[in-house]
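Hi,

Here is the structure I promised to pass on. Have a look at it first, and then read my notes below.

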Amino acid sequence: MSSAVPQKSMPQKVIIVGGGVIGVATAYWLRRDGHEVTLVEKEPGPGLETSFANGGQVSAGEVAPWAGPGVPTQALKWLGRADAPLRLRLKADPEQWKWLWRFWRRCSLKAQRDGSERNVGLALLSRDILQEALDDLAAKGFDAAFDRKQEGILRVFATKTEVDHAAHEAERLEPFGLHQEKLSAAECVALEPALASAHQRGEVAGGVYSRRDQSGDAYKFTCALAAAAEEMGVTFLYGQTVAKLERQGGRITHVRTNLRRLEADVVVLAAGVMSPHLLDGITLPVYPVKGYSVTLDVPDDGTAPKVSVTDEVRRIVVSRLGTRLRAAGQAEVAGYDKTVERDRAQSVLDAVRALFPALGEDLEPEFWCGLRPMTPDGVPVLGLAPGRDNLYLNTGHGTLGWTLAMGSAALLADLIAGRDPSVDPEKFSASRF
Ligand SMILES: Cc1cc2nc3c(=O)[nH]c(=O)nc-3n(C[C@H](O)[C@H](O)[C@H](O)COP(=O)(O)OP(=O)(O)OC[C@H]3O[C@@H](n4cnc5c(N)ncnc54)[C@H](O)[C@@H]3O)c2cc1C
């Protein structure tokens, strides 16, 4: 490699660390720009960590950061409850304490709105870019089947006050290009008849519907996109762990894995919750927030919903993925432990059964948990790492990685190519920490 820094617009040798939905999307977009792309992933295939069995929602309508008014009080009330949607397990880990402090400082309506406004532009870009990529893949003859459903996402609430508040917040995002509709309880049931029972029990006071939102299996999508990217010329090194990003001053010169040392003009860090561990001298408050999902094979008899639903009472999201129903929820700030705890997983199953009681008791649940790579402000970290010349970050997508993957990757490709992105990258810079 020559010592001169290549011109931004020239094809470059790019190494991507991490093969989740974010890393694979990045590989695809950078390859489209003609770069020589290698992706290193420690697992034997793509999408096997947090992108594996998430809630399936691609949801521009649900971009509000979790840090918001009332969250600390609510978390205290839930202390000690096994089925609490949010749980803290304090560790002797300074990173966890610093992260919690930053999160707590963002627990205001003003900060939450600021986060929503930053995320919504990226979510809408992602929606367009996803379609553009699917059209491109179809034109190239790839079958990117991922149990996609384009029937919108409906958020349901138990009280009129909550519906009114959500509708008001939704209106605030209208000028950004996101249209959502306030629905009465009867309209919610008309849209999704499987909600009738919950409505009869008085649990549905109304909803907010984001008609152009969609859902699909993030894992299937990641695998399909990885296969297409490989055909397009991306090299995938599976089963290799990146141990170090070697640097001279502000420039990463090599990526060292457990098996080899790779030269790079540009490095993209998309390692999910492990991203901060590969950085030295850079503050990146991305911390794991554990969540659970349960997947059921469901009959096509109207007992399971077809529209993707977010139950704001039980704090779960539910998506129909072909012949399966996926429900996801729970937030546990408990370090890096990936054990599926039966009571936590069971509470997601209980919640989906309570919302849709006609679901048969004999359905066999598949439980899973994953670690959301969360920033305290609920906004991802994209762009050049502070103080580095050729290290780009694409991480910290928290609850929204599937929703924001394609837009984040396209934005990063623009930055690497020296093009002006359509979304202001400054809003996502790591220098905000
Ligand atoms: C229960 C749950 C429900 C969710 N529901 C939704 C939803 O409905 N909609 C939505 O938009 N988002 C949802 N999310 C969030 C979404 O799943 C994540 O934001 C997204 O998967 C993060 O993708 P990623 O590529 O950054 O991380 P990952 O998928 O974890 O990928 C990172 C990859 O980096 C690899 N890696 C790490 N370190 C190294 C190393 N040193 N060397 C090599 N490889 C390395 C890992 O093996 C991993 O494969 C949910 C998450 C959870 C847990």
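Cys 223 is partly exposed at 25% relative accessible area, while Cys 369 is buried at 8%. (Buried means under 20%, exposed over 50%, partly exposed in between, with a 1.4 Å probe and protein chains only.)

Some background: this is a predicted model, where local features need pLDDT of at least 70, side-chain atom pairs count only at pLDDT 80 or more, and totals for chains, interfaces and linings use all residues. Residues are numbered from 1 along each chain as its sequence is written, and side-chain values use heavy atoms, leaving out hydrogens and water.

Now the sheet. Six strands make an open, mixed sheet in the order β9-β2-β1-β13-β20-β19. (Strands are DSSP E runs of at least two residues, helices H or I runs of at least four, both numbered from the N terminus; two strands pair if DSSP finds at least two bridges between them.) At the edges sit β9 (235-238) and β19 (381-384), each pairing on one side only. β19 runs antiparallel to β20 (residues 391-395), with four bridges joining them.

Finally, Leu 404 lies in helix α10 (residues 401-417) and is buried, at 0% relative accessible area. Its contacts (heavy atoms within 4.5 Å) beyond four places in sequence include Asn 119, Pro 380 and His 397.

Cheers
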